[in-house]
Amino acid sequence: MPTISRIHAREVLDSRGDPTVEVEIHCSSGAMGRAIVPAGASTGRAEARELRDGDPARYDGRGVLAAVANVNDQIAPALLGFDPCRQSELDQRLCQLDGTPDKSRLGANALLGVSLAAAHAAAAAGGLPLFRHLNDLWRQAGTTGGAPADATFDKDMAPRLPMPMTNMISGGLHAGGNLDFQDFLIMPVGAVSYSVGLEWIVRIHRRLGRLLTEAGFEGRLVGDEGGYGPRLPDNRQAAAFLVTAIEAAGLRPLDDVTIALDVASSHFFDGSHYRLRAEGPVRPDSDPVRLDSDQLIDRLQALVDEFPITLIEDGLAEDDWDGWRRLTSRLGGRVRLVGDDLLATNPDRVRRAIESGVANSVLVKLNQIGTLSETLQTMRLARTAGYGCIVSARSGETEDVTIADLAVATAAEFIKIGSIQRSERLAKYNRLLAIEEHLATCAD
Ligand code: PGA
Ligand code: ZN
């Protein structure tokens with residue numbers, strides 16, 4: 001049995017140059033695991049709280065030395081001698097040590113760093129690729145309290161490559177353009193494999209850059225997640241450019257490649273209305289258009305009618321549950337309706353959505369809930385209710401590739417990593433290429 005002999009955290013930087021927490025866990029056998037925590041910009045209110053120092057003299061207050069100290073001084077002594085393979089007990093211990101519902105005392109960034117480093121250490125101790133170890137945990141999450149595993153269960157729970165859902169055009173809080181919607185993405189749904197889908201994505205991304213430049217828009221500089229950030233006149237135009245780029249790449253919109261939107265609407269919801277800037281001709285001095293939930297649903301439906309859109313994330317705001325119910329009954333049969341800010345990878349919120357007929361898919365971000373076990377529990381709950389799962393990166397990322405292994409381990413339908421620019425994104429796309437090769441050639 002491997003036992004934890006040392007836990008050490010340090011402050012490192014993420015893709016925006018913001019400090020974040022890195023954790024190493026060493027076992028007495030010599031096995032070691034390491035993880036780095038990501039960070040969001042368009043964070044939801046229901047997310048677990050990351051701890052930031054708030055000292056304006058360092059990194060504009062965004063330092064994480066307190067979270068690092070919490071790992072080194074409070075968490076490490078409590079977990080020495082622990083078996084890192086016992087992930088759910090370890091995560092329960094982390095939650096007990098923190099003692100708050102939103103993990104704000106020790107910091108969700110402190111807790112998640114330890115939780116994920118433990119999984120890496122356990123995989124290393126067992127000589128397993130991380131996705132195999134995570135798949136074992138996923139199977140355990142599926143059998144706890146349930147029926148014993150049978151052949152169908154085994155097939156359902158087998159590791160599988162996800163389809164990428166890739167950012168092409170960025171707006172909202174992620175880019176300097178004027179688009180209200182945060183991401184315009186593509187999904188190579190007709191590709192026979194992950195690697196073929198990835199080649200299509202790169203081809204479309206290149207064609208899109210050229211098309212934007214030729215039309216006089218910014219087609220080179222990229223936003224936080226690597227998507228282009230052109231100042232297009234409205235959200236509709238962004239979808240239209242995607243269709244043209246898919247065709248320019250020699251592919252068929254809808255059959256080969258579909259479009260997804262991350263509306264991220266919580267960020268332009270004022271409590272009663274949605275305030276959209278980029279609807280109609282751009283007039284920098286003009287007031288935003290104010291729409292109520294039903295009017296925004298009408299606009300979304302019009303986009304779905306006009307374009308090959310098969311997925312909409314956060315079409316309505318995180319607390320607009322009544323609107324979400326109407327959105328789901330209007331469009332839930334036609335497109336995947338994904339809750340990000342709405343569900344916050346939180347089992348309680350996912351349960352409420354299932355019970356009230358809201359959304360049909362869950363965006364999964366480990367740092368929204370703060371431990372690996374709770375993330376698996378949320379995914380399990382979603383899967384059992386027939387909801388889809390999309391494992392997602394954050395806009396602030398690092399070279400850590402854990403989510404690639406998580407998506408494969410849980411056979412998530414899609415993975416959302418950002419665009420195919422910037423190495424913190426490519427590290428994950430490349431990890432999936434390695435796993436695809438591994439699954440094709442290795443029996444373990
Ligand atoms: P975030 O954005 O990481 O800034 O929250 C990603 C998303 O909204 O899906
Ligand atoms: Zn989102």
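Which residue is the bridge partner of Pro 164 in S13? It's Ile 415. Before going further, note that this is a predicted model, where local features need pLDDT of at least 70, side-chain atom pairs count only at pLDDT 80 or more, and totals for chains, interfaces and linings use all residues. Residues are numbered from 1 along each chain as its sequence is written, chains are lettered from A and ligands numbered from 1 in the order in which they are written, and side-chain values use heavy atoms, with hydrogens and water left out.

On one side of the pairing story, S4 runs parallel to strand S13 (residues 414-418), joined by three bridges; strands count as paired if DSSP finds at least two bridges between them. S4 also pairs with strand S5 (residues 183-187), this time antiparallel and over four bridges, with Thr 166 standing opposite Ile 186. Eight of the eight residues of S4 are buried, so the strand is largely enclosed by the rest of the structure. Buried here means under 20% relative accessible area, exposed means over 50%, and partly exposed is in between (1.4 Å probe, protein chains only).

Now for the metal. The zinc ion (ligand 2) is held by Asp 262 (OD), Glu 313 (OE) and Asp 340 (OD), at 2.0 to 2.2 Å. Asp 262 sits in strand S6 (residues 258-262) and Asp 340 in the loop between strand S10 (336-339) and helix H10 (347-355), so the pair ties together parts that are 78 residues apart in sequence. Both Asp 262 and Asp 340 are buried. Donors are N, O and S atoms within 2.8 Å of the metal (3.2 Å for Na, K and Ca), and since water is not among the atoms, sites may look incomplete.

Finally, have a look at the salt bridges, each a side-chain nitrogen of Lys or Arg within 4 Å of a carboxyl oxygen of Asp or Glu. The count comes to 33. One of them links Glu 47 and Arg 394 (3.1 Å, N to O). Glu 47 lies in the loop between S3 and H1, and Arg 394 in the loop between strand S12 (388-392) and helix H13 (402-409), so the pair ties together parts that are 347 residues apart in sequence. Glu 47 is buried at 5% relative accessible area, and Arg 394 is buried at 3%.

Key
Helix = DSSP H or I, 4+ residues; strand = E, 2+ residues; numbered from the N terminus.
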